[in-house]
Amino acid sequence: MTASRAARGFVAVKLFFVLILATSFSAPAFADAGFQRWIRDFRSVATSQGISGAVYDQAFRGVTAPDPTVLEKARYQPEFRAEAWEYFDNRVQEAAIAEGRQKARELKPWLDRIEQQFGVSRYILLAIWSIESNYGAALKRDNVMKNLPQALATLAYADKRRAKFARTQLLAALKILQNGDVRPDQLTSSWAGAMGHTQFIPTSYQAYGVDMDGDGRRDIWNSVPDALATAANLLRKNGWRTGETWGYEVLLPRGRKFPAGSMSLKRWGEIGVVRANGKAYPDASRNAELKVPDGREGPSFLMTKNFFVIKRYNNSDKYALAVGLLADAIQGVGGLVNDWNRPFQRLSFSETQELQQRLGALGYYDGEIDGKIGGGSREAIRQFQARMGLTQDGHPSKEVLQRLRGR
């Protein structure tokens, strides 16, 4: 190749990269301009729904671009399918139980009033609070909480699948702001618009919000009584049965098939499905449905009406069961007779934190030391297992912790 040809090639390559860089930097500018145009256009939609222009402008003051972290979370599809043991180990654990009991003591006067007014178990409400926001701790995390108008506008503008939902929730949120329940600087939410201690989407807040502390505002961001009463109101209005449980852990006779659907606890007992703790069903006339979230070798449950009411909060069997199990643990009753099909010996909460700390000290993990095993913890464990020549399953096992202690 001649020098002149080489020089021309260099110039062409350089020009190619300049064009790429120019395109890369100009794309966000176009996106931002489009987003700002969307905000201007949506203003007329909001005002036609009774929202004042002043409230709208106040809500979007300083918002000039979509929130990229919202779109990342919206697009993210976890490759790892959470096993039953993982889901419940992260939610029904020593720290959540201990704090729930502490909150039950601290908030007893309020919990007495909420229970009396709505008929919903205080322990169910504490469990929901724990799972939704870690007793409010999540509300203090900037990497979790978002500017609600910006988050929902981002989804409405850039996520076709969630655009209709986001527009509806944004209008509801603006009405909440206009009503004076929260200041503009406090109007925060998760990436998808769930708000406050008990994580209500705006339309659900409008339907069930309660001013429990009597200050004239339904403030689920700053008032724990308002947040817990709002959760209780949702459960009550969806059919909560006062004084009844959510379900029972049961034992299944081997080698037998069981009918799908609901039938009386008496009938379940007649075909050999008995309570795991050996006690009788308190009201055998109540109907229940069999659930085996970890297969027939794991814990099995007969779910009664209140389990399905909890699902009106979050339509997930695992979620409703986690609420029930955590509520029982906070109350000091229950506890599983049969454990989950966990392919390793479980670590305690403090041991899981130690695992994360030791992985971090070795440079494998840079996440929070929160005692919860998520994608970052699993990947760090796999990297350490690879280094040690172990099976790379990502499980937070006693074996992995012992190896880490030996480092």
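This is a predicted model: local features need pLDDT of at least 70, side-chain atom pairs count only at pLDDT 80 or more; totals for chains, interfaces and linings use all residues.
Student: How many salt bridges does the model have?
Tutor: Side chains of opposite charge can pair when their charged atoms come close. A pair is counted when a side-chain nitrogen of Lys or Arg lies within 4 Å of a carboxyl oxygen of Asp or Glu. By this rule, the count is 28 salt bridges.

Student: Which helices are linked by the salt bridge between Lys398 and Glu351?
Tutor: The closest N and O atoms of Lys398 and Glu351 are 2.9 Å apart. The two residues are 47 residues apart, and the pair links distant parts of the chain. Lys398 belongs to helix H17 and Glu351 to helix H15, so the helices are H17 and H15.

Student: How far apart in sequence are the parts tied together by Arg405 and Glu354?
Tutor: Arg405 forms a salt bridge with Glu354, with 2.9 Å between the closest N and O atoms. Arg405 is in helix H17, whereas Glu354 is in helix H15, so the pair ties together parts of the chain that are 51 residues apart.

Student: Why do the buried residues of H17 lie on the same side of the helix?
Tutor: The buried residues of H17 are Val400, Leu401 and Leu404. They lie on the same side of H17 because they cover an arc around the axis of only 95°.

Student: Which helices are included in what covers the buried residues of H17?
Tutor: Val400, Leu401 and Leu404 are the buried residues of H17. Among the elements that cover them are H15 and H16.

Student: Which residues touch the most other members of the largest nonpolar core?
Tutor: In soluble globular proteins, nonpolar side chains tend to be buried together. The largest nonpolar core has 85 residues, and helix H14 gives the largest share, 10 residues. Leu321 touches residues including Phe88, Trp246 and Trp340. The members touching the most others in this core are Leu235 and Leu321.

Notes:
Residues are numbered from 1 along each chain as its sequence is written. Side-chain values use heavy atoms; hydrogens and water are left out. Helices (H or I, at least four residues) and strands (E, at least two) are DSSP runs, numbered from the N terminus. A nonpolar core is a set of buried Ala, Val, Leu, Ile, Met, Phe, Trp, Tyr and Cys residues joined through side-chain atoms within 4.5 Å. Buried means under 20% relative accessible area, exposed over 50%, partly exposed in between (1.4 Å probe, protein chains only). Contact means heavy atoms within 4.5 Å. The arc is that of the directions from the helix axis to the C-beta atoms. Lists of a residue's contacts leave out its neighbours within four places in sequence.
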